[in-house]
Amino acid sequence: MLISAAINVQNLYDLGARRIGVTTLPPTGCLPAAITLFGRGTNECVAKLNKDAVSFNKKLNRTSQKLKSKLPGIKLVVFDIYQPLFDLITKPAESGFFESRKACCGTGTLETSFLCNARSIGTCSNATNYVFWDGFHPSQSANEKLAQSLLEQGFDLIS
């Protein structure tokens with residue numbers, strides 16, 4: 001995957017791109033679907049999945065540093081989505097959320113995509129209280145909080 005990412009950045013650079021942003025992996029072990037599928041009946045984040053994401057993210061950062069030294073004039077930013085989302089999940093009340101282990105949609109465990117909409121059976125009445133909209137994706141309220149963090153990280157791309 002990292003080789004593929006490096007090749008894609010190199011290709012963009014060869015096409016003239018000089019300002020490129022990539023994102024880290026999120027805390028995949030804390031996604032409601034991951035907890036349902038791999039949590040063995042607990043309501044806790046799946047440590048192995050998070051460990052794998054952290055390992056990947058470290059490699060992505062190292063690869064980014066190598067590309068910056070190799071490609072003159074590039075502004076390459078690795079946007080950390082892991083920590084801000086992990087903070088929302090593990091300390092939801094600090095950001096005004098009520099629920100971070102279940103999603104708003106349906107049962108809040110596995111549903112995604114077309115199975116999730118305002119008319120889905122069991123969908124919550126106030127998605128702003130939830131960190132996750134479905135089993136994989138943050139809610140609009142969570143995305144707004146995450147966007148602020150990502151904007152702050154991206155200042156190098158616009159300076």
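**Leu88 and the cores around it**

Leu88 touches Ser95, Phe97, Ser100, Val131, Ala142, Lys145 and Leu146, leaving aside residues up to four places away in sequence; contact here means heavy atoms within 4.5 Å. This is a predicted model, where local features need pLDDT of at least 70, side-chain atom pairs count only at pLDDT 80 or more, and totals for chains, interfaces and linings use all residues. Residues are numbered from 1 along each chain as its sequence is written, and side-chain values use heavy atoms, with hydrogens and water left out.

**Cores**
- The largest nonpolar core has 14 residues, and Leu85, Leu88, Ile89, Val131 and Phe132 have the most contacts inside it.
- Helix 4, strand 4 and helix 5 (140-153) each give two or more residues to this core, with the largest share, 3 residues, coming from helix 4.
- Another core, of 8 residues, lies apart from it and includes Ala6, Ile20, Leu71 and Leu76.
- For the record, a nonpolar core is a set of buried Ala, Val, Leu, Ile, Met, Phe, Trp, Tyr and Cys residues joined through side-chain atoms within 4.5 Å.
- Helices (H or I, at least four residues) and strands (E, at least two) are DSSP runs, numbered from the N terminus.

**Cys116**
- You'll find Cys116 in the loop between strand 3 (99-103) and strand 4 (130-132).
- Cys116 counts as buried because its relative accessibility is 9%; buried means under 20% relative accessible area, exposed over 50%, partly exposed in between (1.4 Å probe, protein chains only).
- Cys116 and Asp134 are 18 residues apart along the chain, with their C-alpha atoms separated by 6.8 Å.

**Confidence**
- Mean pLDDT (the predictor's confidence in each residue, from 0 to 100) is 90 for the chain, and 94% of its residues reach 70 or more.
- Confidence is highest in helix 4 (residues 82-90), at a mean of 97, and lowest in helix 6 (residues 155-158), at 78.
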